[in-house]
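Dear colleague,

Please find below the structure that I am handing over to you. My notes on what was found in it follow.

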Amino acid sequence: MPLILPNHPVRRRLSPAVYPEIYSKIIQQSRTPSVPVNLKIIIEAAVRGWKDDGEWPPKPGVIEKSIGRKKGGATGLGLRDGVKAVGRVLRITGTEKG
């Protein structure tokens with residue numbers, strides 16, 4: 001059952017006509033909606049707002065060094081090291097004592 005019934009006045013008001021208001025309040029002002037809003041509506045409002053602001057579609061650019069990581073290297077864990085680390089966290093030793 002949806003949180004807001006289909007015939008509820010709030011749900012009827014959530015139409016493309018109010019997307020600029022949703023974009024302004026939720027995306028630009030970082031406010032929390034006072035009622036649950038479907039994620040699809042939030043995404044559509046965000047894309048419309050970005051288009052109106054000239055920020056959509058995203059422009060290709062240089063990837064920041066903090067986002068990408070070099071393959072290998074001293075800080076990169078291999079698959080085995082990662083599995084061993086998870087095993088230590090979960091206290092799994094890999095040997096069963098029966």
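Within helix 2, which spans residues 19-28, E21 and K25 are four residues apart, about one turn of the helix. Helices here are DSSP runs of H or I with at least four residues, strands are runs of E with at least two, and both are numbered from the N terminus. Please note that this is a predicted model, in which local features need pLDDT of at least 70 and side-chain atom pairs count only at pLDDT 80 or more, while totals for chains, interfaces and linings use all residues. Residues are numbered from 1 along each chain as its sequence is written, and side-chain values use heavy atoms, with hydrogens and water left out.

The side chains of E21 and K25 form a salt bridge, with an N to O distance of 3.0 Å. The term denotes a side-chain nitrogen of Lys or Arg within 4 Å of a carboxyl oxygen of Asp or Glu. E21 also forms a salt bridge with the side chain of R13, at 3.3 Å from N to O. A search of the whole structure finds two salt bridges.

Both E21, at 33% relative accessibility, and K25, at 31%, are partly exposed (between the limits for buried, under 20% relative accessible area, and exposed, over 50%, with a 1.4 Å probe and protein chains only).

**E44 in helix 3**

E44 belongs to helix 3, residues 39-52, and is partly exposed with a relative accessible area of 33%. Its side chain makes a polar contact with the side chain of Y19 at 2.5 Å. Such a contact is a pair of N or O atoms within 3.5 Å; within protein, one must be able to donate a hydrogen and the other to accept it, and residues adjacent in sequence count only if both atoms are side-chain atoms. E44 and Y23 are 21 residues apart in sequence, and their C-alpha atoms are 9.2 Å apart in space.

**The chain as a whole**

The chain has four helices and zero strands, in the order α-α-α-α along the sequence. Of its 98 residues, 13% are buried. The accessible surface is about 8900 Å², and 59% of that belongs to carbon and sulfur atoms; the areas come from the Shrake-Rupley method with a 1.4 Å probe, and for residues only the protein chains shown count as cover. Among contacts (heavy atoms within 4.5 Å) between residues at least 6 apart in sequence, 39% join residues at least 24 apart.

Yours sincerely
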